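Biologist: I have the sequence and the fold open on my screen. Could you walk me through them and tell me what lies behind each label?

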Amino acid sequence: MKNSVIQQKRSGFTVAEMMVAVGVLGLLGLVFFSVLKSGIVLFAKNTAVNIAHEEARQGINRLTRDIHASVSMPQLCNLDPTTSPVSFPAPSPSPTPISGVAVGPMYAAVTFQNVANGPNYIWKDTGAGPIKIKDNYTVSDGQHLLIPFWGALFEQDIIKHAAIGSTNHSNIWLVNGAETNINPRDYLAGSYAITYYTERVAYVVMNGTYTKDVTGLYTEGTKNNTYVWAPPGTPNGHRYRYQNGELHQFRQRYSGGSFYWEDVSVVARNLTSAMPFYTPLNTGGGFNTKYVGVKITATDTKVTNQNFIAVNSLMDTAIDYRTAIALTQ
């Protein structure tokens, strides 16, 4: 009889004990999956923010590299998408800063010149034909020729070239026959005229879309499908935000009797700043033209299962240009 009682006491857990155990396991499971979900969401958010930051950082890095190497004073301008090919008109800067922004007026593009090749020198120049430049370089029509140290600075756009491979030189023709104004400046005459080929470069924010938004920074322009900064007092129904923009690099080229801009590459995507370029203000309230200000905002456009979109990543900097050889933009 005693053995029977002892055997019953050792037979297993009661229903109440099982319910408590299951409840505890369920609670631990909920805590575990809640922590796991939070970790997944946090990872997704951090990834989205990093993607947005990387897009903006790539744009800033390329701009910093090229503006530091600029040999002309950078020019801020706007993109005119109504022209074919697109053009970059250079409006006169307004002395009135954008409302709420402690900088000068902001633009969609910045243009300047970088050295493409050099130093070279004029090899032969008869005064009646093309300049013959010792360069060992493939010239592109639309590039710029600088002769910075021969008397007054000489610079002009190249409209035609021909290469003679055996002597490693290029025959160069310039706008308005300017090549005939350099003679005699060649090494055969005992003097060197040092030359550089430069590239007119433009960085432009384009290809984005405008969506109505009461907090948007832009409003419709006077031309169809153009947008400008929304002045103070713009009604909410006429405000737009910018999204999915791209930062493109262009180079000036020449063909068929006219100059045009060649789209070279896409530097950054998913931008939400349509007009990121400005001239910083100095302490006296005037423009500090030694710098190009850049306010780039970007976002990750993917929407996750948790129904969120990454917030914009903002990078705001002022980039100095360091050398001014060319007088033109």
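Biologist: Let us begin at a helix. In which helix is V20 found?

Modeller: V20 sits in helix 2, residues 15-68. Helices (H or I, at least four residues) and strands (E, at least two) are DSSP runs, numbered from the N terminus. Please keep in mind that this is a predicted model, where local features need pLDDT of at least 70, side-chain atom pairs count only at pLDDT 80 or more, and totals for chains, interfaces and linings use all residues. Residues are numbered from 1 along each chain as its sequence is written, and side-chain values use heavy atoms, with hydrogens and water left out.

Biologist: Why is V20 called exposed?

Modeller: Its relative accessible area is 55%. Buried means under 20%, exposed over 50%, and partly exposed in between (1.4 Å probe, protein chains only), so V20 counts as exposed.

Biologist: What makes the nonpolar surface patch that includes V20?

Modeller: V20, V24, L25 and L28 make it, with an area of about 400 Å². Patch residues have over 30% relative accessible area and no salt bridge; nonpolar side chains (Val, Leu, Ile, Met, Phe, Trp, Tyr) are joined within 5 Å, and like charges within 9 Å.

Biologist: How confident is the predictor in the protein?

Modeller: The average pLDDT, a confidence for each residue from 0 to 100, is 78, and 75% of the residues score at least 70. Over residues 90-101, however, the pLDDT is below 50. Where pLDDT is low, the predicted coordinates should not be read in detail.

Biologist: What makes strand 13 and strand 14 a pair?

Modeller: Two strands pair if DSSP finds at least two bridges between them. Strand 13 (residues 245-255) and strand 14 (residues 258-271) have 10 bridges, in the antiparallel sense, so they qualify. As one example, Q252 has W261 in strand 14 as its bridge partner. The two strands form a hairpin with two residues between them, and G256 in the turn has a positive phi of about 60°.

Biologist: How do you know that E262 and R253 form a salt bridge?

Modeller: The rule asks for a side-chain nitrogen of Lys or Arg within 4 Å of a carboxyl oxygen of Asp or Glu. Here the closest N and O atoms are 3.5 Å apart, so the pair passes. R253 is buried at 9%, whereas E262 is partly exposed at 33%. Together with E199, these residues are linked in a network of salt bridges. By this rule the count comes to seven salt bridges.

Biologist: What does the salt bridge of K295 with D316 tie together?

Modeller: The closest N and O atoms of K295 and D316 are 2.8 Å apart. K295 lies in strand 16 and D316 in strand 17 (residues 313-320), so the pair ties together parts that are 21 residues apart in sequence.

Biologist: Why does Y291 count as partly exposed?

Modeller: Y291 has 34% relative accessibility, so it counts as partly exposed. The residue is in strand 16 (residues 291-298). Leaving aside neighbours within four places in sequence, Y291 is in contact (heavy atoms within 4.5 Å) with T279, P280, A318, I319 and D320. The C-alpha atoms of Y291 and A318 are separated by 5.8 Å, although the two are 27 residues apart along the chain.

Biologist: And which partner does D320 have in a salt bridge?

Modeller: D320 meets R322, at 3.2 Å from N to O. R322 counts as exposed at 55%, while D320 is partly exposed at 23%.

Conventions: Accessible areas come from the Shrake-Rupley method with a 1.4 Å probe; for residues, only the protein chains shown count as cover.
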